Amino acid sequence: MEEGERSPLLPQETAGQKPLSVHSPPTAGCLDPVPWEDQADAWGCSCCPPETKRQALRGTPGKGPAPSLSIGSSCVKYLIFFSNFLFSLLGLLALAIGLWGLAVKGSLGSDLGGPLPADPMLGLALGGLVVSAVSLAGCLGALCENTCLLHGFSGGILAFLVLEALAGALVVALWGPLQDSLEHTLHVAIAHYQDDADLRFLLDQVQLGLKCCGAASYQDWQQNLYFNCSSPGVQACSLPASCCIDPREDGASVNDQCGFGVLGLDADAAQRVVHLEGCGPPLRRWLRANLAASGGYAIAVVLLQGAELLLVARLLRVLAARRGAASGPGARGEDRAGPQSPGPGAPPAAKPARG
């Protein structure tokens, strides 16, 4: 086509105009340009606030787009994200295990509308729910750079630290009375052995792990109504299988009848079948031996939470500085620039009326 000729495919109004590039910014020659607000609303991350989207799209007047995070700040951001993602998974796992335990034992469907059951699985489920909620707040807050979620995460970590400090202070203050009350606690557990499945499981694990029986001796099981020799039941003068020296008897499953009739035997005959020593002294020795390890685990958890707090505080400072750098200088530049002169297509300003 020769220069100066009009294309028959173009309208008469646009034949003499230059072609527009798809990447060129909106100009006066474009018909119905898309507003910046609509572009900001269509931007990807839905968890980011709208003003952040518009600021990133439009940039700061006279300063260009908002500055991005440095390499160090980006590392801090993604370290917070991945660590809290891991803890949120662990919290959700604990929540699932707790709900499964409540469902298996029927605690969820019993006494609907009544008080919550005093069940260890309920505590596990509630703890998993709280940990997963706080960790998800830190995870999403770091990923979307949301200061509200990051502040909520910091508050949750501070609450955890306060509760852990109170628990540690109580353990240190009551360590002596706790050791002295071990045998009394074991006597109470023996008396209510059949009343609570969780208590029965815990006492069986203590007797199997420490190779002991009873609180002070194996004769303490006379306090149980079912194992007492005066009981009319089939378990009279018997002991739980966890008291036996070899409860499995070289088999795959536990022999529940290995302790039958042992309380009616003398000590020489009973020591060939069950452990005669009570669990009070071995349990006290086990607690003293594992005190240092338990304290080390607690200190490691506190240090990890403190490191999370420091990282979140640094990320919040970086976000606040970036927000100030993006809004402050541009706004001051507009104030110093004064009123803008009208464009070539703007109507002339009205002249003041003469008096």
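Author: Before we start, a word on terms: buried means under 20% relative accessible area, exposed means over 50%, and partly exposed is anything in between, with a 1.4 Å probe and protein chains only. This is a predicted model, where local features need pLDDT of at least 70, side-chain atom pairs count only at pLDDT 80 or more, and totals for chains, interfaces and linings use all residues. Residues are numbered from 1 along each chain as its sequence is written, and side-chain values use heavy atoms, with hydrogens and water left out.

Reader: Thanks! How many helices and strands does the protein have?

Author: There are 11 helices and 0 strands. Both are DSSP runs numbered from the N terminus: helices are H or I with at least four residues, strands are E with at least two.

Reader: And what percentage of the residues counts as buried?

Author: Of the 355 residues, 27% are buried. The protein exposes about 23,200 Å², and carbon and sulfur atoms supply 65% of that; the areas come from the Shrake-Rupley method with a 1.4 Å probe, and for residues only the protein chains shown count as cover.

Reader: What about contacts between residues at least 6 apart in sequence?

Author: Of those contacts, 65% join residues at least 24 apart. A contact here means heavy atoms within 4.5 Å.

Reader: Changing topic: which residues does UniProt annotate as "transmembrane region"?

Author: The unreviewed UniProt entry gives residues 78-102, 122-144, 156-176 and 291-313. Its positions are in the numbering used here, feature names are shortened, and annotations may be inferred rather than shown by experiment.

Reader: How much helix is there over 122-144, and over 156-176?

Author: Residues 122-144 are 100% helix, with end C-alpha atoms 33 Å apart. For residues 156-176 the figure is 95% helix, and the end C-alpha atoms are 32 Å apart.

Reader: Which residues form the nonpolar patch on the surface?

Author: They are L86, L90, L93, I97, W100, V104 and L124, with about 690 Å² of accessible area together. Patch residues have over 30% relative accessible area and no salt bridge; like charges are joined within 9 Å, and nonpolar side chains (Val, Leu, Ile, Met, Phe, Trp, Tyr) within 5 Å. A salt bridge puts a side-chain nitrogen of Lys or Arg within 4 Å of a carboxyl oxygen of Asp or Glu.

Reader: Which helix gives the largest share of the patch?

Author: Helix α3 (residues 71-105), with 6 residues. L124 sits in helix α4 (residues 120-144) and is partly exposed at 34% relative accessible area.

Reader: Now the cysteines. How many disulfides turn up in the whole structure?

Author: The search finds 4, each a pair of cysteine sulfur atoms within 2.5 Å. One of them is C212 with C279, sulfur atoms 2.0 Å apart. That pair links distant parts of the chain, 67 residues apart: C212 is in the loop between α8 (197-210) and α9 (267-270), and C279 is in the loop between α9 and α10 (280-289).

Reader: What's its handedness?

Author: The link of C212 and C279 is right-handed, with 95 degrees about the S-S bond.

Reader: And C244 with C258, how far apart are the sulfur atoms?

Author: They are 2.1 Å apart.

Reader: Are C244 and C258 buried or exposed?

Author: C244 is buried at 3% relative accessible area, and C258 is buried at 9%. By contrast, C148 counts as exposed, at 59%.
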